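Try each task before you read its solution.

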Amino acid sequence: MKKIRLLDFVILSIIIISAVFSIKKSARINGSRVLAQADGDTYEYSLDKDGIYKVEGVLGYTTFEIKDKKVRIIDSPCPNKTCIDQGWTSPIVCLPNRVIITIQDYGDFDAVSE
């Protein structure tokens, strides 16, 4: 069994510290608006305004919630309800009802500033 040398420990520490800082930085990146695409139409909502909203898809209305700069689907007419189980994420897709909800500018990077 090989021993861990000092240089191995230093390199491993640098990798771990870099990963922690990258995760913290990416967690601070927020989007500015929510786009809901439903059956060919696009609707725009502010990510700064908490609320419950509905968009009409091919099967009926999909209800989603914006809260604390996050978005989730809370009700949908689709049979399997997989979109509800996706939780607070972006993008959220309800294929049977043809609804896609995304946070715009979420995690987009500018090559000059980053």
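**Exercise 1. Read the fold order along the sequence.**
Along the sequence, the pattern runs α-β-β-β-β-β-α-β-β. That comes to two helices and seven strands. Helices (H or I, at least four residues) and strands (E, at least two) are DSSP runs, numbered from the N terminus.

Two notes on the source. This is a predicted model: local features need pLDDT of at least 70, side-chain atom pairs count only at pLDDT 80 or more, and totals for chains, interfaces and linings use all residues. Residues are numbered from 1 along each chain as its sequence is written, and side-chain values use heavy atoms, with hydrogens and water left out.

**Exercise 2. State what share of the protein is buried.**
The protein has 114 residues, and 27% count as buried. Buried means under 20% relative accessible area, exposed over 50%, partly exposed in between (1.4 Å probe, protein chains only).

**Exercise 3. Describe the largest nonpolar core.**
Step 1: define it. A nonpolar core is a set of buried Ala, Val, Leu, Ile, Met, Phe, Trp, Tyr and Cys residues joined through side-chain atoms within 4.5 Å.
Step 2: size it. The largest has 18 residues; V55 and F64 are among those with the most contacts inside it.
Step 3: find its sources. β1 (33–38), β3 (51–56), β4 (61–67), β5 (70–75), β6 (92–94) and β7 (99–104) each supply at least two residues of this core.

**Exercise 4. Is I15 buried or exposed?**
Step 1: locate it. I15 lies in helix α1 (residues 6–28).
Step 2: apply the cut-off. I15 is exposed, because its relative accessible area is 53%.
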